[in-house]
Amino acid sequence: MDGGDHWRPIFDQEPVQSIGSIAIAPSDSNTVWVGTGEPFIRSNVSIGDGIYKSTDAGRTWRHMGLSRTGRIARIVINPRNPNVVLACAMGSLYGPQQQRGVFRTVDGGKTWQRVLFVDPNTGCSDLAMDPKNPDILFAGTWQMVIHTWGADSGGPGSGVYVSRDGGSRWTRIVGHGLPSSPLGKIAVAIAPSNPRRVYALIETGYDGRGTLWRSDDGGHAWQCVNWEHILDERPPYTTRIAVSPVNDNEIWFLSNFLSVSYDGGYSTDLHAGAGDTHDMWIDPTNPDRMMIGYDEGVAITTTHGRQWNQVKLPNAQIYHVAVDDQIPYDVYSNMQDDQSDRGPSNSRTFAITPSMWRTTAGCESGFSVPTPNGQVVYGSCYSGSFSRWSARTNQLRGINPWPDESLNSPAGGLKYRFNWTPPVALSPRDPANTVYVGSQYLMVSHNAGQRWKVISPDLTRDDHAHMGPSGGLSPDNLGVYYWGTLFSISLSRLERGLIWTGSNDGLVHVTRDGGKHWQDVTPHLPGYPKYGTISNIAPSPFAAGSAYISVNAHQLNDPNPYIYRTTDYGTTWTQISSGIPKSVFSYVHSVIEDPFRRGMLYAGTENSLYVSYDYGRQWMPLQLNLPHAPVSWLTIQKHFDDLVVATKGRGIWILDDLRPLQRLTPAKMDRDAYFFAPRDAYRFRKIGTDHSQGGMIGRNPPYGADLNFYLKGPPRGKVAFTILDARGQVVRKFQTKAEAGINRVWWNLRYNSPRQIHLLTTPSDYPQVWREKRFWGKPYRTIVQARVKQTAVGPLAAPGVYTMQMSVDGEMLTRKLTVLKDPHSAGNQADIEADVGLQLKIRKDINTIAKSVNEIERIRKHLEDQSASLQRDPALAWVVAADQRLDRKLQGVENQFFQKTLADGDLKTFRAPMKLYLKYLWLYGALGSGVGDTVGDPDFPPTDQEVEVYALLHKRLENTLGQYRQVLTTDVPAFNNELKARGLYNVIVTNP
């Protein structure tokens, strides 16, 4: 809504997050269609489940079918009739299928007809509609298949097709200047300003046949106008063009690099907009405004490409995630097209900003595994590149086991075959120095990577029939498709020398003596996907011989979920994933067992997170607010008991505090209500941060203690909580809405906030105040001064044990909560209690001021309204005069509580000296969470001067309260008596 500066997700509630195409109806901007599934292909892309439609600009969505089309690369909408839509379906690409080609609806998506189909191995890669004559369409078709061991782009199915009757009949253009088969991926585009100009970007391989073809007569005759490979490098991953809406000679090429031609394709210039580009939008009403979609986000220009604003989006593709044991702990990850990073799970400041993340070991595609204290990180990268990072020096060291660069080489001829995501594991007993990595062998270093040793035979099938060049017409050997590699390594924490490995060609091996002897323990069960990828192995934290494996077979055209369990070191296995619903998204990336509850498992699939309480016999969704992105990796931070989730497309998410889930039993679920024992809550104090806060930011967990409860059914009303300190004094009261099932509410560890002042009267120097929109319909105004607004919170409770009382439908449930001191702060318990004690005294005085002012305002509002209603009656002029006399007395006292200028509602004004109210708020903030530019006192005792200033303010308050009591006990009764004596009974009653 602001030209691309800020973005928010609008598709999170749908069961898929991978979007391949977007189209807005030209005749109705509220009608939006999206096609799901990634059309820019490499081995680890995400699939879709068809097409969706919104008629309210993305606020709500409806699934409109085509659920088995895999990837929808383009959607075009008839500019005259928004119910006529064509979808370019690429297919899953994992095997032959009928749901490929071009599909058309003429009734807004109620029904679809497949109008162009070549063969089961060929789908649609691009589609273009003549904006001036929507009956004319061009389509590029693409023969493509993906398997774990390689991609094969190109074949007789690829071609350029044209329809001149709205898509009912299609003709393949053979000859007429176009290249002959075999062809690969094809992009097509029609120039909006001159629809007779048509372009086709065609993958032909590297044999000099050409790259870009152009037609100047509406697609009847074609000529090759460019042979540059750079326009279409790595075609499966790119191949997209965009034509200016006002200049048919201006063409933009989206590839590894951004290129542009201004002469109809004959020559091109490299452009510095972005790298690894995929798609482009050019504003049809202002062609100087353009947007590029590339691997790290979007780039926007309003100057026709002279300057670009690169915008990071919350769409990080995370391969793996790990945690350390610090308090609060750090999170370690590897992000596609970025780097390996570590950042805080809780920044102890307002947010987790980009400046808080630091690079460590590894790169975009591998693992980053820290030692428990976070002082050393080992990481992996494609091409067998491994590194070690030291927190002490903040330096990296390359520790490649075999530094003979394998990039560009097929897997078959290599001494060591390292996958695109080579696994790394640390010794539980010597994590700083002993590290394991996997090629087709397991390798170990006991001296931090200085020397490596192979400690296994080849632990893969070693099938060289699938180790040739990958890519088809355009070879692309990056390790992404290396076959016969280790994909997972896990070491037992319970038994020394027990190591598990899993390969991407379906084998599981185990050693119990540190690699001296190995056993092939691959499951031999009906239905086991023989060549599936062992995507992770999770040794049980309870029994050395027990372990779990997830097997991912989706690249074998099998999307079913496969999780297996062994209890005897792999001698026998049981499939435990039948309870996960089957869909195109069912394949499993990761499975782990809860470290505190036996048999409690977590599994991440291509679009969901699941939990099981019974060793996988039954599975339940655990999605909550997690977007339906692929769950690529799972880990649990044991001290905080948090589940940390890596997703491919929506970054890293944390489910705080698993204990309610761990402790849920059938007996508890049978109760009407159950209040879970809360985990200890850390009283973290705010820390400083630097100024590098641009880009996307992460959210901290809610501050304080999470209170969890189970309800068998929906409650009749709200659930009430009361927090008591060790003396039984009320600290906080609040209510929350709840529903059947597990509910969570957070207590921010604070006392009730100070009472607010409610201004009811109209300031004499600014009678227009109620005309301001922010006060429309409001019964009162609060005093909000920008530099003291953060003092509106209650004091932070001191470390100690508190009683949590929960009341629901007449039932009272009680739990104890321990609040812990921030281990990073320098104060001690006595210091904190002294600071909190003085804050509570100040809060009491603030409440007294607010109560007094609110009573004054109530009386003054009565006088103001009475004068307004009587001022036109001369006989009652004496009442108006009496109102004004009493009002002056009351306002004289009120002006001692706060400076009169605050009544005007100004947010940031410095027109008059502070009076008692703001003086108190300032001191309150200085002792607590800060105020203005005063940082506050994190766990230090009050300074002598703070105590002294409080005493002075309290004395002034007592004097002012004395004046207030004098007015209430003398002037107000006199005023009431005067009215009563003259027969008026609208008497103000107060309690002095």
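Visitor: Does Q899 count as buried or exposed, and at what relative accessibility?

Guide: This is a predicted model, in which local features need pLDDT of at least 70, side-chain atom pairs count only at pLDDT 80 or more, and totals for chains, interfaces and linings use all residues. Residues are numbered from 1 along each chain as its sequence is written, and side-chain values use heavy atoms, with hydrogens and water left out. Buried means under 20% relative accessible area, exposed over 50%, and partly exposed in between (1.4 Å probe, protein chains only). Q899 counts as buried because its relative accessibility is 5%.

Visitor: Where is Q899, and which residues is Q899 in contact with?

Guide: Q899 is placed in the loop between α4 (877-897) and α5 (916-927); helices here are DSSP runs of H or I with at least four residues, and strands are runs of E with at least two, numbered from the N terminus. Contact means heavy atoms within 4.5 Å. Apart from neighbours within four places in sequence, Q899 is in contact with A912, P913, M914, K915 and L918. The side chain of Q899 also reaches the backbone nitrogen of K915 at 3.1 Å.

Visitor: What does D325 touch, and where does D325 lie?

Guide: D325 lies in the loop between β26 and β27 (330-335). Not counting residues up to four places away in sequence, D325 touches P372 and Q637. Although D325 and P372 are 47 residues apart in sequence, their C-alpha atoms are 5.2 Å apart in space.

Technical notes. A polar contact is a pair of N or O atoms within 3.5 Å; within protein, one must be able to donate a hydrogen and the other to accept it, and residues adjacent in sequence count only if both atoms are side-chain atoms.
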